[in-house]
Amino acid sequence: MPWDCILISGEVYVKGYNTYGQLGIETFTNSYELQQLDLENIVKVFAFNYNSAAIDVNGNLYIWGNNQNNQISDLTTVNRNTPYRVRFGLSSEDEKPYVD
């Protein structure tokens, strides 16, 4: 069963398959109804390879779901069932990726 990651007016809603935590709803249980995530001012969402991701208006990147090969970049291999803000190790806010 696939999962959906939907952006509506800057807010993220999810439903569907959740074995790896890709819904970001603090559990690994499937959800058949839309659930809102605790993220604000989101401009882009992505769903890929049992992961979901979002970018906010400030260029912050959040990823959650499958992390078996540390693809979330949190230095672990633990699947994440809540959005994780990726730290780029940049020296200033001006170096964040640009989002239009």
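From the N terminus onward, the elements of the protein chain follow the order β-β-β-β-β-β-β. The model is a predicted one, and the chain in it has seven strands and zero helices. Of the 100 residues of the protein chain, 39% are counted as buried. The accessible surface of the chain amounts to about 6,100 Å², and carbon and sulfur atoms contribute 46% of that surface. When contacts between residues at least 6 apart in sequence are considered, 35% of them link residues at least 24 apart.

Three of the strands form an open sheet with the order 1-2-3, in which the pairing is antiparallel. Strand 1 (3–8) and strand 3 (31–36) each have a single partner strand and stand at the edges, so one side of each lacks a neighbour in the sheet. On average, and with direction ignored, neighbouring strands of this sheet are turned by 15° against each other. Within the sheet, strand 1 is joined to strand 2 (residues 11–16) by six bridges in the antiparallel sense. One of the paired positions involves I8, whose bridge partner in strand 2 is E11.

Strand 5 (residues 51–56) is mostly covered, with six of its six residues buried. The burial extends to both faces of the strand. N51, A53 and I55 are buried on one side, and S52, A54 and D56 are buried on the other. Strand 5 pairs with strand 4 and also with strand 6. Strand 4 (residues 42–48) runs antiparallel to strand 5 and is joined to strand 5 by six bridges; in this pairing, V45 stands opposite A54 of strand 5. Strand 6 (residues 61–65) is likewise antiparallel to strand 5, and the pairing spans five bridges. Here S52 stands opposite W64 of strand 6.

Most residues other than glycine have a negative phi. Against this background, two residues were examined further. N49 is not a glycine, yet its phi is positive, at about 40°. N49 is located in the loop between strand 4 and strand 5. With a relative accessibility of 62%, N49 is classed as exposed, because the cut-off for that class is over 50%. L75, also a residue other than glycine, has a positive phi near 65°. L75 is located in the loop between strand 6 and strand 7 (80–85). The relative accessibility of L75 is 79%, so L75 too is classed as exposed.

Note on methods. Residues numbered from 1 in each chain as written. Predicted model: local features only at pLDDT ≥ 70, side-chain atom pairs only at ≥ 80, totals over all residues. Heavy atoms only, no water. Helix = DSSP H or I, 4+ residues; strand = E, 2+ residues; numbered from the N terminus. Buried < 20%, exposed > 50% of the residue type's maximum accessible area, 1.4 Å probe, protein only. Contact = heavy atoms within 4.5 Å. Areas by Shrake-Rupley, 256 points an atom, 1.4 Å probe, with all protein chains shown as cover. Pairing = 2+ DSSP bridges. Axes fitted to C-alpha atoms, helices over the stretch in contact; angles between N-to-C directions.
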